[in-house]
Amino acid sequence: MVSPFALDKQNQTPRKARIAILGSGSGTNAAAICSFAEKKESTYEVGMIMSTSPHAGICDVAQKYSIPCEILRTDRDLSQQINQILDQYNVEVLALAGFMKLLPPSVIEHLMGRVLNIHPSLLPKHGGKGMYGIHVHEAVLKAGEAVTGATVHVVTNHYDQGRVVAQRALTVPGGIKANELQQLVKRVENQLYPEALEVFLRNS
Ligand code: GRF
C-alpha cells in the first residue's frame with residue numbers, strides 16, 4: 001500500500017488512503033466513517049460502499065455522501081465480485097460494518113490482510129459464530145458483565161478473531177434491556193470505528 005502520508009505530486013498535500021465499506025445493516029458505522037473521512041485531517045477517503053442488499057440503510061448512506069454503491073449478488077461467487085470491485089475502485093483497505101457472512105479468504109489475501117471489522121463487545125468475550133446483533137448483548141447481560149464495549153479488529157478466516165486495533169468500554173447500567181444496551185454500544189461503535197481506521201492506517 002502507498003503510505004497515506006505520501007505527497008500527492010500535483011498539489012503537495014498528503015495523499016489519502018482509499019477505503020471501501022462492506023455491510024448490509026442500518027449503516028450507522030458507515031455514516032460515522034464517511035463523516036469522519038470528510039475532515040481535512042483524516043488520512044483516508046471512502047472510495048465506495050458495497051452491500052448484499054439494495055434496501056440496506058448503508059446504501060442510503062452512500063447516496064447521502066455521494067459515494068458509489070455496488071450491490072453484490074448473493075447467488076454468485078462473492079469473492080470474485082468483491083475482488084473485482086476492489087480493483088475497479090483502487091481500494092487499499094476494506095472496512096466491514098454489519099457484514100453477516102464470513103468474508104471469503106481470497107478477499108483477505110487480495111488486500112494482504114488490510115480488512116477490518118467492528119464487533120459490539122469487548123473481544124474475545126462474546127464473539128464467534130452466532131454472536132451477532134442482539135444475541136451479543138443478550139449474552140453480555142446473561143453473563144452479568146459489569147462492563148461491555150466495542151472492538152475493531154483485523155479480519156482473519158475465523159469469526160471475530162484477529163489482532164485488536166482498538167477497543168472502547170462502557171459500564172453496563174443496572175436493569176438495562178438488551179435492545180437498550182445495543183443502542184448504547186452502537187454509539188460507542190460509531191465513535192470508535194473512524195478513529196480505529198486512523199490508528200490502523202497510521203501504523204501500517
Ligand atoms: C454493528 O453493531 C457492528 O458491530 C456489527 O454490525 C452492526 C452494524 O450496524 N458488526 P450498522 O449497520 O453500522 O448500524
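The legends below describe close-up views of a predicted model.

**View 1**
By residue type, the lining of the largest pocket comprises 14 nonpolar, 16 polar and five charged residues.

**View 2. The surroundings of the ligand.**
Around the ligand stand G25, S26, G27, T28, N29, G98, I118, H119, P120, K186 and E189. Three of these residues are shown with polar side-chain atoms placed by oxygen atoms of the ligand: for S26 the distance is 2.7 Å, for T28 an N or O atom of the side chain is 2.6 Å away, and for E189 the distance is 2.7 Å.

**View 3. Helix 3 and the elements it packs against.**
Helix 3 spans residues 78-88, and its buried residues are L78, S79, Q81, I82, N83, I85 and L86. In an α-helix, which has 3.6 residues a turn, residues three or four places apart point the same way. The buried residues of helix 3 pack against strand 1 (17-22), strand 2 (44-51), strand 3 (69-71), strand 4 (93-96) and helix 4 (105-110). Just after the helix comes N90, whose phi is positive, at about 50°.

**View 4. N117 within strand 5.**
N117, which is part of strand 5, counts as buried because its relative accessibility is 12%, below the 20% limit for that class. Leaving aside residues up to four places away in sequence, N117 is in contact with L96, T151, V152, H153, V155, D160 and Y193.

**View 5. The loop between strand 5 and helix 5 (134-142).**
P124 lies in this loop, and the peptide bond that joins L123 to P124 is cis, with an omega of about 10°. H126 has its place in the loop between strand 5 and helix 5 as well, and although H126 is not a glycine, its phi is positive, near 60°. With a relative accessibility of 18%, H126 counts as buried.

**View 6. S66 in the loop between helix 2 (57-64) and strand 3.**
S66, a residue other than glycine, has a positive phi near 50°. Its relative accessibility is 66%, and S66 therefore counts as exposed, since that class begins over 50%.

Technical notes: Residues are numbered from 1 along each chain as its sequence is written. This is a predicted model: local features need pLDDT of at least 70, side-chain atom pairs count only at pLDDT 80 or more; totals for chains, interfaces and linings use all residues. Side-chain values use heavy atoms; hydrogens and water are left out. Ala, Val, Leu, Ile, Met, Phe, Trp, Tyr, Cys and Pro count as nonpolar, Asp, Glu, Lys and Arg as charged, and the others, Gly among them, as polar. Buried means under 20% relative accessible area, exposed over 50%, partly exposed in between (1.4 Å probe, protein chains only). Helices (H or I, at least four residues) and strands (E, at least two) are DSSP runs, numbered from the N terminus. Contact means heavy atoms within 4.5 Å. A residue is near a molecule or strand if one of its heavy atoms lies within 4 Å of it. A polar contact is a pair of N or O atoms within 3.5 Å; within protein, one must be able to donate a hydrogen and the other to accept it, and residues adjacent in sequence count only if both atoms are side-chain atoms.
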